[in-house]
Amino acid sequence: AERLVAERYVERGCEILEHCWRSAAGEVDLILRDGGAVVFVEVKKADTHDAAAQRLSRRQMDRICMAAMLYADGQPAGSLTDIRFDAALVDAQARVEILENAFGLN
């Protein structure tokens, strides 16, 4: 699922920075650059997009946010890095739906 999602982002002109990046806060499935923003992507796969979306918990979102802060610390702008959190849903037919700014933060 992560490979399909990465391909979709590359088709959109994004640069993949990390696959399955691990930190003290946990793992982030994909990290990419979309223009000036660094995007943290949680990939969820299930039979349907709706079922995949239901698998994204508040706890996971909090973990990804903490990992994003650690990652941003290593960027030139540090904590001022422009970041976004996306969810990428993959269904049983390998269809990908990308939900930009899925955590409601910008």
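**Reading a sheet and its aromatic cluster**

Trainee: How many bridges join β1 to β2, and do these strands run parallel or antiparallel?

Mentor: Strands of a sheet pair through backbone hydrogen bonds, either parallel or antiparallel. Here seven bridges join β1 to β2, and the two strands run antiparallel, with glutamate 18 standing opposite isoleucine 31 in β2. Strands (E, at least two residues) and helices (H or I, at least four) are DSSP runs numbered from the N terminus, and two strands pair if DSSP finds at least two bridges between them. Please keep in mind that this is a predicted model, in which local features need pLDDT of at least 70 and side-chain atom pairs count only at pLDDT 80 or more, while totals for chains, interfaces and linings use all residues. Residues are numbered from 1 along each chain as its sequence is written, and side-chain values use heavy atoms, with hydrogens and water left out.

Trainee: In which order do the five strands form the open sheet?

Mentor: The order is β1-β2-β3-β4-β5, and the pairing is mixed. Because β1 and β5 (96-99) stand at the edges with a single partner strand each, one side of each is left without a neighbour in the sheet.

Trainee: Which strands does β3 pair with?

Mentor: Five bridges join β3 to strand β2 (residues 26-34), and these two run antiparallel, as a hairpin with two residues between them, where glycine 35 in the turn has a positive phi of about 65°. Eight bridges join β3 to strand β4 (residues 83-90), and that pair runs parallel, with isoleucine 83 in β4 as the bridge partner of valine 38.

Trainee: Why is β3 largely enclosed by the rest of the structure?

Mentor: Eight of the nine residues of β3 (residues 37-45) are buried, and therefore the strand is largely enclosed; buried means under 20% relative accessible area, exposed over 50% and partly exposed in between, with a 1.4 Å probe and protein chains only.

Trainee: How many aromatic pairs does a search of the whole structure find?

Mentor: A pair of aromatic rings is described by the distance of the centres and the angle of the planes. The search finds four pairs, counting rings of Phe, Tyr and Trp (its six-membered ring) with centres within 6.5 Å, as stacked under 30 degrees, edge-to-face over 60 and tilted for the rest. Tryptophan 21 and tyrosine 71 have ring centres 5.0 Å apart and planes at 85°, so their pair is edge-to-face. Since tryptophan 21 lies in strand β1 (residues 15-23) and tyrosine 71 in helix α3 (residues 58-73), the pair ties together parts that are 50 residues apart in sequence. Ring pairs link Trp21, Phe40, Tyr71, Phe85 and Phe103 into a cluster.
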